[in-house]
Amino acid sequence: MILSSSIPVLGSLLSPIYFQFFLDKLASSVGPRFYMNIFKCKQISETGAQQMLLDTQAVKTILLEIPSLGRQTSGAAGYSKFVSREMSKAEALLKVILSPVDSVADTYRALLPEGTPMEFQRILELKGLKKSDQQSILDDFNKGSPAISQPSSAAPVGQSMAPAPPASTVPAISNPASAGFIASREDVLTRAAALGRGAATTGFKRFLALTEAAKDRKDGPFRKLFNA
């Protein structure tokens, strides 16, 4: 609601160059911060993850509408791509949290291929698994996964919005466990997409209704995110 009321004013006051600068700063700040604030939760239940997935999709929708709200859509393509990419990471993270325990490792590899073992362990904590249960899953994850690259530091906005280089050719895989993972990747992605299908149909009206219902709640990571 704040964005819907303030963005038209900013669009009328700022020149196209300065409005584009505002879009770049907004995209590079909100998306990654939104993703990291999910990890600040102590534990996320299945119902909570479903609700957060609805909220994430609603926030993504309003962020993509900002250029139109400001009536300055020229040069907004890069902004839209960056927002979609960063908010999709948050959606993927919540889908991993929603996935069953027996397939959480495969879902994590499929949806967040650049993730780290440390991040995966934090996801298990968010799911509320005990330490003893976590260790067996982590052992299987480390044995059956190819080397997972560490996430690179955030690039400047101008660079991050540049088209991604062509994907390199996938090398032959000698590890049977890895081969089995790739063979089932399409099934994992299909199941993960189904987790958010119902949420995707709810739309922005649901987001506004949830916002009204949440007025009396205590401040949490996400309230602080948008008040910052």
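In this predicted model, helix α2 gives the largest share of the lining of the largest cavity, namely 4 residues. Together with α2 (16-38), α5 (77-98) is an element that gives two or more residues to that lining.

Which residues line the largest cavity? They are L26, A27, V30, G31, L63, Y79, V83 and M87. Sorted by class, the lining has 7 nonpolar residues and 1 polar residue, with no charged ones. The volume of this largest cavity is about 30 Å³, and the count of cavities of 30 Å³ or more comes to 1.

From here we can turn to the way the helices pack. Two packed helices are described by the angle between their axes and by the distance between the axes.

| Helix pair | Angle | Axis distance |
|---|---|---|
| α2 and α3 (residues 46-64) | roughly 180° | within 12 Å |
| α5 and α6 (residues 104-111) | about 170° | 9 Å |
| α6 and α7 (residues 117-126) | roughly 130° | within 11 Å |

On the α2 side the contact is made by L26, V30, F34 and I38, and on the α3 side by M52, T56, V59 and L63. These residues divide into 7 nonpolar and 1 polar, with no charged residue.

How are α5 and α6 oriented relative to each other? Their axes pack at an angle of about 170°, and therefore α5 and α6 are roughly antiparallel. A92, K95 and V96 of α5 make the contact with V104, T107, Y108 and L111 of α6. By class, this contact has 5 nonpolar residues, 1 polar and 1 charged.

Helix α6 also packs with α7, where the axes cross at roughly 130°. That angle makes α6 and α7 oblique to each other, and their crossing is right-handed. From α6 the contact takes V104, A105 and Y108, while α7 supplies E119, F120, I123 and L124. The residues of this contact divide into 6 nonpolar, no polar and 1 charged. If you follow α6 in the structure, you will find V104 and Y108 in its contact with α5 and again in its contact with α7.

Methods
Residues numbered from 1 in each chain as written. Predicted model: local features only at pLDDT ≥ 70, side-chain atom pairs only at ≥ 80, totals over all residues. Heavy atoms only, no water. 1 Å grid on protein atoms, 1.4 Å probe; cavity = no way out; pocket = protein on both sides within 12 Å on 5 of 7 lines; lining within 4 Å. Points joined across faces, edges and corners; volume = space filled by probe spheres on them. Nonpolar A, V, L, I, M, F, W, Y, C, P; charged D, E, K, R; others polar. Axes fitted to C-alpha atoms, helices over the stretch in contact; angles between N-to-C directions. Parallel < 35°, antiparallel > 145°, perpendicular 65-115°, else oblique. Contact = heavy atoms within 4.5 Å. Left-handed = near helix turned anticlockwise from the far one by under 90°.
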